[in-house]
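Subject: Structure handover

Dear colleague,

Please find the structure we talked about below. My notes on what was found in it follow.

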Amino acid sequence: MVQKHLESLQNHYGTGVELGQLERLTNLLLVEGLTDIQQKEHDVMQIEATKGMRNVAKKIPLEKLFLPLSKVSIPPRISVTVGVAGIGKSTLVKLFACMWAKGEVNKDIIFVLPLTFRELNTYEKLSAERLIRSAFPHITEPSFISNGTARILLILDGLDEFKTPLDFSNTVVCTDPRKEIQVDSLITNIIRGNLFQEASIWVTSRPTAASQIPGGLVDRMTEIRGFGAVEIKDFLDQMFRENKDLSSQVLGQIKANRSLYTMCTVPAFCWISGSSMGYFLKNSTDQSQEMTTVPKTLSEIYSYYFKMALSSDWQEKQKETPRIEQAINNSKKIIGNLGRLAFYGLLKKKYVFYEQDMKAYGIDLSSLQGSLCNRMLLKEEMQFSTVYYFSHLTLQEFLAATYYYASAKRAIFDLFTESGMSWPKFGFLNHFKNAVQRSLQSDDGQLDIFVRFLSGLLSPQVNKLLSGWLLMKDEHNSFRSHVISFLQSCLNTDYVISSRTVNVMQCLYEVQNMELAKTVEEAMKNESLAGMLTPVNCSALAYLLQVSEVCMEETNLSNCLTYNICKSLLSQLLFCSNLRLDNNKFKDNVMELLGSVLSVKDCQIQKMSLAENQISNKGAKALARSLMVNRSLTVLDLRSNAIGPTGAKALADALKINQVLLSLNLQNNVIKEDGAKFLAEALLTNHKLTTLHLQKNSIGPQGAKKIAEALKQNGNLRELILSSNCVGDTGSVALAEALRVNHSLTTLDLQSNSISNTGVTALIGALRSNRGLISLNLRENSIGQEGAPEIANALRANCTLRNLDLAANLLYDEGVKAIALAMRENKALMSLHLQWNFIQSKAAKALAQALHCNTSLTSLDLQENAIGDEGMIALAAALKVNTTLTTLCLQVASIGVSGAKALAEALVVNRTLTTLDLRGNSIGVAGAKAMANALKVNCSLRVLNLQENSLGMDGAICIATALTGNHGLTYINLQGNRIGQSGAKVIADAIKTNSPRCIVEM
């Protein structure tokens, strides 16, 4: 019996599925139940809102789908796999059945019994045993299955196609496997465990239908992920395997349209879009008016698909296209009948049709031939009947829209009442309004895509495509303006924005009216949304948050939102991955709103900036509560608020639980010593946070000590910013002790902390043994000449530090000379900042000597130090032999003509320096001429700043004309040189002619 069953499955399912599907289908997403959007929204709306992505941390291989997740758990009894229409649920079942029949998975399961709800629809009553006998006649002892003698897996594929909703609340309990009951009751009793108690049950469904099963009954829920970028490309390559150029063109056009590209994560839609775009590109050489515009809207894509279907098998017989008139005459009647079937099926949530349904709608089964029906309607032979279904849900909706459009022009009763018994309703516009209003009143978005297509049929482009086929030429002109006005009136919602509202914007897009969206999008680009977010504009903004390229990298809504506007946009903000909400004067009540968003399962926000608002400890507590459950946010920026120690404690408590957040910025929040203490406690248990910014918080030496103690045990933090915190020598010594044992911290910022030689001696001493720190910022402290030898000794021993900032200290020449001597031996440091250190020529000469032999330093900053011409001449000599320095900053360094001439000579031979800043010196005309001669041959310099150098018009013109033949310079600053307007024009013209890629500021 078992062998017969294996043979039966192999014969029924064949060899499996194409290789391209394997990786995606054999690794399912393990989810914790359905999200709100999955339970309430149309499949297409789900994809658009989530950009085709889900925040899921875990994947589960197909071979482990029915196994325990751990050694102490048991196998799931009820497993549910969800996926939108066309994602591959039935393909997955087919794949699993094939793999099991070949012995590749779940060898412990004796019988795998795949059933479809399409088959179950043909029965009124069934018993559990008759169910098995009917579907699997070769299983002669169904009691063997029903009594749990062997482990079985019962697969119920396609719950969304079941004709009767499941009612788990009122179903009568049945435990007798021989008793015949209603099929829906049979299914609920099986899922509840009253029948087939020992069997594993696997249900596949679209998400909305899966919500019928109570969550408490589901042991494991998985989701089929859509295509990624590589899979979309591979899929199109398979579609056009004989024409790779066409495949590339199709991919390019689809990628250029963010909405279409997102939809192409669904294989079935990828097929429809690819076919339509390929048809357009292959026929665009005709140069006919309707074929010159690339399809962008859903209606245009489906119109091309429809046109392609009527034009026979276009891929195989490009040059044998039948006469269009004949195709239309042969197909008009069946299109009308199929449209009526599609429309009333849609209203009844019916997606599978049987022979009696087809006959009831006047469809001659013998006429279901040809490309049109093959591409639109699929046929499947079942054991006792034949079923028909549209090849994708959206095709049913498109045909439903074409039927409604045609019927609305002549109907006198409400088309939504199939019997025709309703109050009279005359005229297309009334019927159109009725459809949109029903869509707006719908809770599940069932009519959303239907009304989009209905709107799209009124667009000029679609009319050109389908006139003479489904539409009359230019007939849209008499309705379009009225329809647009009506749709716009639906947007006046007093800041109440739902998915239905966004769909109205989608309808306006389909009808090719985008003035409103373009106005708001332009304001987003210019960051000028402040004061213009009326209810109507908010609707446009909600739509743009889903589709606009402006929002792809970052959604910047700074300085434009209020409490009410933010509240109205919550459902759209949910899916913005990078959200910037700075400077909105947000108070704690807004944090309650945002906390609610961060707490839901759908949330896809990965980065959120709330800088420069008015958030206190109450707002911080609201955010902290959400962080305890949020699984998407990795970066949170709260700088320049007022959360205080209490707010810091709430966030610290959240960090003890949250294991997702990677970066937290609490700069300028008055958290003080106590706040630092709470955060330090969190660092002892948090194993994810890598970046912590605490500058300007008055944490003091004791707060620094607490953090230092935590660093001795924390091995995850990489970046710690403690600038402007009055840490002092006491805090520095504590941090130094931590650095001796912590080798994971890579960046430490202690700028402006009143650290003297005592503190720096401790810190630098730690660097001799530390092997992790890469960047150390000690600028604006009180480090004197006495601390320099310790710095030098550390640089000789340390081989990991790459960036050292000692700006604005008190090193003087003697201190820098000590550091310069160490730089001759150091082979690691790449960036050294020494500005504002009272350095003169002696120190510059010492650094020049170091540059003769140093091979690691790439950036040297000596600005605001009076090194003079003597120091510049020494550095210039070093530049002639140094091959690693790329950036040299010498602003306000008392450099004159002789120094400039020496530097110019160095630039003639130097091939590595790319950035040179000489702002605020006095090189004059003579120095400019020398630099100009160097620029004629130097090809490495990219950025040159000669601002405020007394060049005059003559010197500036010399520089400008020297750029002829120099193809390296991309930026030059000549401001503050008394060039005058006439000189500026000469220079601008010269640079435009000689070096058009170079940006000049004057």
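Is Glu-129 buried or exposed? Glu-129 is buried, because its relative accessible area is 7%; buried means under 20% relative accessible area, exposed over 50%, and partly exposed in between, with a 1.4 Å probe and protein chains only.

Before the rest, some ground rules. This is a predicted model, in which local features need pLDDT of at least 70 and side-chain atom pairs count only at pLDDT 80 or more, while totals for chains, interfaces and linings use all residues. Residues are numbered from 1 along each chain as its sequence is written, and side-chain values use heavy atoms, with hydrogens and water left out.

Salt bridges

Side chains of opposite charge can pair when their charged atoms come close. A salt bridge here is a side-chain nitrogen of Lys or Arg within 4 Å of a carboxyl oxygen of Asp or Glu. Across the whole structure the search finds 34 of them.

Glu-129 takes part in one, with the side chain of Arg-178, at 3.8 Å from N to O. This pair links distant parts of the chain, 49 residues apart: Glu-129 belongs to helix α7 (residues 128-135), and Arg-178 to the loop between β6 (152-157) and β7 (181-182). Helices (H or I, at least four residues) and strands (E, at least two) are DSSP runs, numbered from the N terminus. Arg-178 counts as exposed, at 58% relative accessibility, whereas Glu-129 is buried.

Two further salt bridges lie within helices. Asp-237 and Lys-233 meet at 2.9 Å, N to O. They are separated by about one helical turn because they are 4 residues apart in helix α11 (residues 229-239). Asp-237 is buried at 13% relative accessibility, and Lys-233 is partly exposed at 40%.

The other one joins Lys-817 to Glu-814, with the closest N and O atoms 3.7 Å apart. Both residues are in helix α38 (residues 812-823), 3 residues apart, which is about one turn of the helix. Lys-817 is partly exposed, with a relative accessible area of 28%, and Glu-814 is partly exposed too, at 46%.

There is also a network of salt bridges that links Lys-649, Asp-653, Lys-656 and Glu-681.

Cysteines

A disulfide is a covalent bond between the sulfur atoms of two cysteines. With the cut-off used here, a pair of cysteine sulfur atoms within 2.5 Å, the count comes to 0 disulfides. Cys-560 is in no disulfide, and the nearest cysteine sulfur, that of Cys-538, is 8.8 Å away. Cys-560 counts as buried, at 10% relative accessibility. Cys-799 is likewise in no disulfide; for that residue the nearest cysteine sulfur belongs to Cys-853, 18 Å away. Cys-799 is partly exposed, at 47% relative accessibility.

Two strands pair if DSSP finds at least two bridges between them.

Strand β11 (residues 377-381) pairs with strand β12 (residues 386-390) over 5 bridges, and the two form a hairpin with 4 residues between them. Within this pairing, Leu-377 has Phe-390 in β12 as its bridge partner. β10 and β12 pair over 2 bridges, again in the antiparallel sense; here Phe-353 is partnered with Tyr-388 in β12.

Aromatic rings

Rings of Phe, Tyr and Trp (its six-membered ring) pair if their centres lie within 6.5 Å; planes under 30 degrees apart count as stacked, over 60 as edge-to-face and the rest as tilted. The count comes to 26 aromatic pairs. One of them, Phe-343 with Tyr-404, is tilted because the planes stand at 50°, with the ring centres 5.4 Å apart. Phe-343 is in helix α16 (residues 324-347) and Tyr-404 in helix α19 (residues 393-408), so far as position goes 61 residues apart. Both are buried. Ring pairs also link these two with Tyr-344, Tyr-403, Phe-416 and Phe-450 into a cluster.

Charges over rings

A charge sits over a ring if NZ of Lys or CZ of Arg is within 6 Å of the ring centre and within 35 degrees of the ring normal. Arg-118 lies over the face of Tyr-389, 3.9 Å from the ring centre. Arg-206 has its charged end over the ring of Tyr-351, at 5.2 Å from the centre.

Regards
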